[in-house]
Amino acid sequence: MDAAFEVIVVGLGAMGSAATYHLAKRGARVLGIDMFRPGHDRGSSHGEHRMIRKSSFQLDGYVPLADRSFALWHALEAEAGQHLLHRTGEIWLVHEEGNPDYRAGIETSLTRGFRVVLGEAELAERFPGVRLGDGMIALYEADAGFLRCEAGIVSHVEQARQRGATIHLDEEVVAWSTDGAGVRVETRQGSYGADHLILTAGPWSEEHLRDLRLPMQVERRVNGFFRPSRPELWSVERGALDFLLDVPEGSFYGMPAVGDIGVKIGLSAGERTTARTIRRTIDDAEIALLRDVLDRYLPGASGPESRRMTCMCTYTVDGNFIIDRHPAHDQVSIACGFSGRGYKFAPVVGEILADLALLGATAHEIGFLSARRFAQSAVA
Ligand SMILES: Cc1cc2nc3c(=O)[nH]c(=O)nc-3n(C[C@H](O)[C@H](O)[C@H](O)COP(=O)(O)OP(=O)(O)OC[C@H]3O[C@@H](n4cnc5c(N)ncnc54)[C@H](O)[C@@H]3O)c2cc1C
């Protein structure tokens, strides 16, 4: 077959843009395709920022991946001349009746020294904008912050292009198939051959991997942005930090105001949806809940609302990502199910996908992310 490209990457969101960059950096002939433009607001990777930290709520296997990601984000910043990673620190308020799944995460992060517990007096002195409710503890992680998410994707795509990657935008992939030892990708505009295919389609992944019956679901998320009524407490420029709240009202996350972007807050829950049918309208009650939570635990963070938006998270049944060779086709790699925690790992996921495509294996420990771990799927 006419393998004009060594690798085709379908989906240039967080993961695909990073994969395309790492492939181009290694000198591979790579074609990256997306049906929208880098940094668009239709998938899982928009809304100004994403949290990054070294500790993990999940399995320990994520810790080395986070470590590597910090290094790779800094390297990208240097190459692109962009400030992408803002190290603000992070406060986590946990109610004792909060998510029991997090207990192990708390213990591990304290034992391994990622986080420290702050008593009420120390919290009030260091972070006067944060209120500890009854029955709550505060954990602080200094090595945490946020990434500018759209800028991260644009930087990966631009750097890939500068290293010779071919980038096709506004082009929808409608089918892919294996063809002998290679692959063929059909789009609304054309047909392309390659030795290897990487599928990084985010919340659209199920459409490309239907045969595998992977146990994944897409969920709608709502974010609200507020200009802080007390910017001296709630702007990055004045030392404000990221926050996680596991409180009786639910699980929330957010970032302080930076530049003209207000304080952002989101609820870590939402209705089941699909990438094609998501409800983009947002009820006032959804924003009122976000404002109430800010007012209760982070007074001064909410003022006039400046923006509201929806986004999508894709969850596997065990909450862990999928990064693997396609179980039925060696010449195809897949990366999906990145939940509400995937963005920070994008550069290391890109590195791993480049390894899988060019070398057939990776030195990173990714066994726990295998597609074959799901007993009920078609790939067990
Ligand atoms: C509200 C919210 C908050 C989050 N907060 C955090 C956080 O604080 N920290 C963190 O680390 N993670 C966070 N996450 C999770 C993280 O953002 C996602 O896990 C990650 O961005 C997923 O990236 P992706 O590349 O898999 O998907 P996407 O970035 O959505 O990329 C998929 C791409 O594939 C393209 N595509 C799909 N189908 C086709 C097709 N047929 N043809 C052409 N192109 C196609 C799409 O256009 C899209 O560009 C959050 C997610 C949400 C929604």
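**Entry 1: helix 1 and helix 9**

I began with helix 1 and helix 9, whose crossing is right-handed (left-handed if the near helix is turned anticlockwise from the far one by less than a right angle, right-handed if clockwise). Helices here are DSSP runs of H or I with at least four residues, strands are runs of E with at least two, and both are numbered from the N terminus. This is a predicted model, in which local features need pLDDT of at least 70 and side-chain atom pairs count only at pLDDT 80 or more, while totals for chains, interfaces and linings use all residues. Residues are numbered from 1 along each chain as its sequence is written.

I found the axes of helix 1 and helix 9 to be 7 Å apart, with a packing angle of about 55°. Axes are lines fitted to C-alpha atoms, for helices over the stretch in contact, and angles run from 0 to 180 degrees between N-to-C directions. Helix 1 and helix 9 are therefore oblique to each other (under 35 degrees counts as roughly parallel, over 145 as roughly antiparallel, 65 to 115 as roughly perpendicular, and the rest as oblique).

I then listed who meets whom (contact means C-beta atoms, placed from the backbone, within 7 Å). Helix 1 brings Ala-14, Met-15, Ala-18, Ala-19, Tyr-21, His-22 and Leu-23, and helix 9 brings Ala-346, Pro-347, Val-349, Gly-350, Glu-351, Leu-353, Ala-354 and Ala-357. By class, that contact has 12 nonpolar, two polar and one charged (Ala, Val, Leu, Ile, Met, Phe, Trp, Tyr, Cys and Pro count as nonpolar, Asp, Glu, Lys and Arg as charged, and the others, Gly among them, as polar).

**Entry 2: helix 1 and helix 5**

Next I looked at helix 5 (residues 149-162), whose axis comes within 8 Å of that of helix 1, crossing at roughly 25°. That makes helix 1 roughly parallel to helix 5. The crossing is left-handed this time. On the helix 1 side I noted Ala-14, Ser-17, Ala-18, Thr-20, Tyr-21 and Ala-24, which meet Ile-153, His-156, Val-157, Gln-159 and Ala-160 in helix 5.

**Entry 3: helix 2 and helix 9**

Helix 2 (residues 62-80) and helix 9 (residues 346-359) cross at roughly 95°, with axes within 7 Å. That makes helix 2 roughly perpendicular to helix 9. Leu-65, Arg-68, Ser-69, Leu-72, Trp-73 and Leu-76 of helix 2 make the contact with Pro-347, Val-348 and Glu-351 of helix 9.

**Entry 4: the domains and the ligand**

I checked the domain assignment (bounds from an automatic or database assignment), which gives domain 1 (5-46 + 150-213 + 318-373) and domain 2 (90-142 + 217-316). Their C-alpha centres lie 30 Å apart. The contact takes 17 residues from domain 1 and 10 residues from domain 2.

Where does the ligand lie? Both domains give residues to its shell, so it lies between them. I found 37 residues around the ligand, with Gly-11, Gly-13, Gly-43, Gly-202 and Gly-342 coming nearest (near means a C-beta atom, placed from the backbone, within 6 Å). The shell divides into 17 nonpolar, 14 polar and six charged residues. Helix 1 (14-25), strand 3 (49-53), strand 13 (216-226) and strand 18 (305-316) each supply at least two residues of the shell.

Key
Contact = placed C-beta atoms within 7 Å.
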